[in-house]
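Have a look at the fold, and then we will go through it piece by piece.

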Amino acid sequence: LSDLRFADAEGNLLVSEVDTWNESGESLVWVKLPSLKAGTKIVAYYGNATPDEMVSTSLWSDYLGVWHFNAI
């Protein structure tokens, strides 16, 4: 989990935050994109024993409050 990284099509690392991690099933991860339009691509990197430094900016720094409501 500590080596999970996301990057845009140009290889720039994106800010991310793991919401739910399940090694044997579905995991949920928030990824902050500079913009989202048709054809936007992001790449997930994992499996690196010595990963690059993570992006240190907070995923939620542009908001006054953030609440995550899980679906029932």
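Where in the chain is K32 found? K32 sits in the loop between strand 4 (28-31) and strand 5. Strands here are DSSP runs of E with at least two residues, numbered from the N terminus.

Before going further, a word on the model: it is predicted, so local features need pLDDT of at least 70 and side-chain atom pairs count only at pLDDT 80 or more, while totals for chains, interfaces and linings use all residues. Residues are numbered from 1 along each chain as its sequence is written, and side-chain values use heavy atoms, with hydrogens and water left out.

Back to K32. This residue is partly exposed, with a relative accessible area of 26%; partly exposed means between buried (under 20%) and exposed (over 50%), using a 1.4 Å probe and protein chains only. Leaving aside residues up to four places away in sequence, K32 touches L14, V15, S58, L59, S61 and D62, where a contact means heavy atoms within 4.5 Å. K32 and S16 are 16 residues apart in sequence, yet their C-alpha atoms are 6.2 Å apart in space.

Now for the whole chain. It has five strands and zero helices, and buried residues make up 14% of its 72 residues. Among contacts between residues at least 6 apart in sequence, 56% join residues at least 24 apart.

How are the strands arranged in the open sheet? Three strands lie in the order 2-1-5, with antiparallel pairing. Strand 2 and strand 5 stand at the edges with a single partner strand each, so one side of each has no neighbour in the sheet. In general, strands of a sheet pair through backbone hydrogen bonds, either parallel or antiparallel. Here, two strands count as paired if DSSP finds at least two bridges between them.

| Strand | Partner | Bridges |
|---|---|---|
| strand 1 (residues 5-8) | strand 5 (residues 42-45) | four bridges |
| strand 1 | strand 2 (residues 13-14) | two bridges |

D8 has I42 in strand 5 as its bridge partner. A7 has L13 as its bridge partner in strand 2 and stands opposite V43 in strand 5. Both faces of strand 1 are covered, with R5 and A7 buried on one side and F6 and D8 buried on the other. In the hairpin of strand 1 and strand 2, four residues lie between the strands, and G11 takes a positive phi near 90°.

Finally, which residues line the largest pocket? They are D8, A9, E10, L33, P34, S35, K37, T40, K41 and I42. This lining divides into four nonpolar, two polar and four charged residues.

How values were computed
On a 1 Å grid over the protein atoms alone, a cavity is a set of points where a 1.4 Å probe fits but cannot get out, and a pocket is an open set with protein on both sides within 12 Å along at least five of seven lines; lining residues have an atom within 4 Å of a point. Ala, Val, Leu, Ile, Met, Phe, Trp, Tyr, Cys and Pro count as nonpolar, Asp, Glu, Lys and Arg as charged, and the others, Gly among them, as polar.
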